[in-house]
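The paragraphs below go from strand pairing to the nonpolar cores.

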Amino acid sequence: MFSIDNNNNSNVGKFEKEVGGAPLGTIAKSSPTFQKLRADRFALLKKIRAIYLSAGVAAGLEIPTKFHRTSLCKHACTGSAGVELNLLKNANKAFYKGLQTCGSVWTCPICANKIQEIRRQEIAHAMSHFYSQNKQAVMITFTFPHTHDEALKDLLKSFKDALKLLRKGGTWSRNLKKLGYMGLIRSLEITHGGNGWHPHTHELWFIDENLNEKEFKEFILSKWFDACNQAGLIAENKQDDFLKHAIDIKFNCSTSDYLAKFDDKSHWGIDREIAKASSKKGKKSGKHPFALADEN
């Protein structure tokens, strides 16, 4: 049994070695679309750097770049050797060597893209493995009602409490055993829209391929309702809305399933939904933090 928290960086280096030891991001594409996306990410990093520098100045720091490590990502040298420009002729790609990297999935569009691509491969490999063991991948999205005046910090705390309560008790453990549960991969996603901050998780469960889908949905919804109720996340006038929208379950998922459009020419698969939440273009009613920074 295993569990992966996709918002934790600890597995990245290990998996990098397993897939061949190549540095992150060395597999290049040269299409105009890819080049534009890459240029857009660097332009966004420039905006984010400016935001953090302004915050460092406002905080009265003698060196404003110390406010956050992303301030120096792809901007400052790693040492006294200076910066080199390298060309990969076979890949038709040039890259800098000797620049600092922050390694942040949450605050840096450059590092996030590289790390999330490795995670996407890891998730795709896990799905292939468990399908070969007569299991299926089921994606469960957990959410809850919220309003525009609620602080993200408070919502995240209550959400964390609800997720702990969800998995508490013997009934939960016994049902997982019946389902042939082998583990999960979880990703936290945060958007902002008309109803304020919207934290939610995508969980990819590996369970038996033959199960009663209706009973499974009823079990998950009942447990999630009780957990959120205990965590104080359901107002009395929101109970019906909760039962309609609090969970979304997709059975027999594959990496080729199309869940949400990324742009007009490409689609979003289950592996990308889990691994690359911060890179998605959200709906008009809900924007990801990078999209909010881009508007700054």
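Two strands are paired here if DSSP finds at least two bridges between them. Strands (E, at least two residues) and helices (H or I, at least four) are DSSP runs, numbered from the N terminus. This is a predicted model, in which local features need pLDDT of at least 70, side-chain atom pairs count only at pLDDT 80 or more, and totals for chains, interfaces and linings use all residues. Residues are numbered from 1 along each chain as its sequence is written, and side-chain values use heavy atoms, with hydrogens and water left out.

β5 and β6 run antiparallel and are joined by eleven bridges; they form a hairpin with two residues between them. Within this pairing, Arg186 has Glu203 of β6 as its bridge partner. β6 also runs antiparallel to β4, through eight bridges, and here Met139 is bridged to Leu204 of β6.

A nonpolar core is a set of buried Ala, Val, Leu, Ile, Met, Phe, Trp, Tyr and Cys residues joined through side-chain atoms within 4.5 Å. The largest one has 34 residues, of which Trp205, Phe216, Ile220, Trp224 and Phe242 touch the most other members. Elements giving two or more residues to this core include β4 (135-142), β5 (183-193), β6 (196-208) and α6 (213-230); α6 gives the most, with eight.

Trp205 has contacts (heavy atoms within 4.5 Å) with residues including Val138, Trp172, Leu184, Phe216 and Ile220, leaving aside residues up to four places away in sequence. A second, separate core has ten residues, among them Ile123, Met127, Met139 and Cys253.

Technical notes
Buried means under 20% relative accessible area, exposed over 50%, partly exposed in between (1.4 Å probe, protein chains only).
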